[in-house]
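Dear colleague,

I am handing over the structure below, and after it you will find an account of what was found in it. Please read the text with the model open beside you.

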Amino acid sequence: MKTLPISPENPWLAPLAGYSDLPFRMLCRAHGAAVTNTEMVSAKGLCYFNRGTTSLLQTHPDDAPLVLQLFGADPEPYDQAMDKTLEMGFRFFDLNAGCPVRKVTKSGSGSRLLEDPDRLCAIAEIMVRKAGPGRVGVKTRLGWENGNDIFLDVARRLEDIGVAWMTLHPRYGKQMFTGSADWSRLAEIKQAVSLPIVGSGDLYTAEAAVRCLRETGIDAVMFARGAMFDPTIFERFHALMRGQEPPRRTGEQLDRVVRMHIRYTREFDGSERAFRKLRSFIPRYAKGLRDIRSLRNELITCETWEQLEAAASRIREMEPADPLGFDPAAVIPD
Ligand SMILES: Cc1cc2nc3c(=O)[nH]c(=O)nc-3n(C[C@H](O)[C@H](O)[C@H](O)COP(=O)(O)O)c2cc1C
């Protein structure tokens, strides 16, 4: 594939540190995600090929189209990081210029790059030079803090550099995840540049995503926390876009999701670490179930894949609430 599908009917899965690993991406693809992103990967870490970093690069031929997201404040390691990952077969890249968490911003990375647009553009330039046209996007916010709305200037510069799309989460870096995403700024950027714009921010339901597309005229939407709570959000989105009712939530459907997540996790990473991570995810899917407490307790105490599968199969008999019990604040990164 030479270019990515960036259009309203092609919903994206966001980069989600700690979550958008290979099994989760495959789960979202199976439910209709058109493009997925890796978790953010340190450009510097890639140069040293440290184990923690390279484990984030796990992929599979069916895991496509995939965008590899890089972060880091210093332009220098990007040269080598791009060479290495191109050699490994990665084709689409994103620069993280939006992450607000302290462990990233304290080194000048993520949304702190918005305080130094020359540096941000220098990094984007390296990435475009290495990957070629149509291959590099930048994910960003409005600015580092309120009053420093630099996103339109940055977008114009990125367009000149040859960046192929931009993802905007219309909050400020300093704002972290508080307040609400200002979708009117998505409409503003869409008007200001001819770069395709992918919108992110408070897209917790398929209905919200359709509304966001219609209100702003952006090219595509990206699901983040909405997909963490309900990977079928993509399916629901496709139904709405076709003018159909989204599928009714049932215990059977949730059971299928959980089983599929278990299956992909076992297939791609059967480690103890993966088991513990998945065990902590499932109660989030089950958040939409009435009388969830006993199931949650059972899931958390499972020690083997078989026990986990057996406990999860109880979901089939349970009635999901519609809309789901959803708490976006419960999963914000720290
Ligand atoms: C747990 C978590 C991890 C995230 N990790 C990343 C990341 O690695 N890179 C990135 O650009 N954004 C990251 N984000 C931001 C999301 O991609 C998205 O832009 C943000 O959550 C807004 O969308 P939402 O309000 O629909 O969740 C993360 C968000 C969450 C909640």
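Two strands are said to pair here if DSSP finds at least two bridges between them, and helices (H or I, at least four residues) and strands (E, at least two) are DSSP runs, numbered from the N terminus. Please bear in mind that this is a predicted model, in which local features need pLDDT of at least 70 and side-chain atom pairs count only at pLDDT 80 or more, while totals for chains, interfaces and linings use all residues. Residues are numbered from 1 along each chain as its sequence is written.

I begin with strand β4 and its partners. Strand β2 (residues 35-37) runs parallel to β4 and is joined to it by two bridges, with Asn37 standing opposite Val67. Strand β3 (residues 41-42) is likewise parallel to β4 and joined to it by two bridges, and there Ser42 has Phe71 as its bridge partner. With strand β5 (residues 92-97), β4 pairs in the parallel sense over four bridges; Gln69 stands opposite Asp94 in this pairing. Between these two strands the chain passes through helix α4 (residues 76-88), and the resulting β-α-β crossover is right-handed, a term used when, with the strands pointing away from the viewer, the path from the first strand over the helix to the second runs clockwise. On β5 the pairing continues, in the parallel sense and over five bridges, with strand β6 (residues 136-140), where Val138 is the bridge partner of Leu95.

How far are these strands covered? A residue counts as buried if 20 or more other C-beta atoms lie within 10 Å of its own, as exposed if 12 or fewer do, and as partly exposed in between, with C-beta atoms placed from the backbone. By that count, six of the six residues of β4 (residues 66-71) are buried, and the strand is mostly covered. In a regular strand the side chains alternate between the two faces of the sheet. In β4, Leu66, Leu68 and Leu70 lie on one side and Val67, Gln69 and Phe71 on the other, and both faces are covered. Strand β5 is largely enclosed by the rest of the structure, because six of its six residues are buried; Phe92, Asp94 and Asn96 point one way from β5, while Phe93, Leu95 and Ala97 point the other way.

Pro65 is in the loop between α3 (51-55) and β4, and the peptide bond that joins Ala64 to Pro65 is cis, with omega about 0°. Arg91 lies in the loop between α4 and β5 and counts as partly exposed, because it has 18 C-beta neighbours inside 10 Å. The C-alpha atoms of Arg91 and Leu299 are separated by 38 Å, and the two residues are 208 residues apart along the chain.

I turn next to a pair of helices. Helix α9 (residues 206-216) and helix α11 (residues 233-241) pack at an angle of about 50°, with their axes 8 Å apart, where axes are lines fitted to C-alpha atoms, for helices over the stretch in contact, and angles run from 0 to 180 degrees between N-to-C directions. That angle makes α9 oblique to α11, since angles under 35 degrees count as roughly parallel, over 145 as roughly antiparallel, 65 to 115 as roughly perpendicular and the rest as oblique. The contact is made by Ala206, Glu207, Ala209 and Val210 of α9 together with Ile233, Arg236, Phe237, Leu240 and Met241 of α11, two residues being in contact if their C-beta atoms, placed from the backbone, lie within 7 Å.

Phe223, in strand β9 (residues 220-223), has contacts beyond its neighbours within four places in sequence, among them Ala209, Ile233 and Pro11. Phe223 and Pro11 are 212 residues apart in sequence, yet 7.3 Å apart in space from C-alpha to C-alpha. Phe223 counts as buried because it has 27 C-beta neighbours inside 10 Å.

Finally, there are two backbone angles to check. Asp202, in the loop between β8 (197-199) and α9, has a positive phi of about 60° although it is not a glycine, and it counts as buried, with 22 C-beta neighbours inside 10 Å. Met176, in the loop between β7 (165-168) and α8 (184-192), is also not a glycine and has a positive phi, near 55°; with 16 C-beta neighbours inside 10 Å, Met176 counts as partly exposed.

With best wishes
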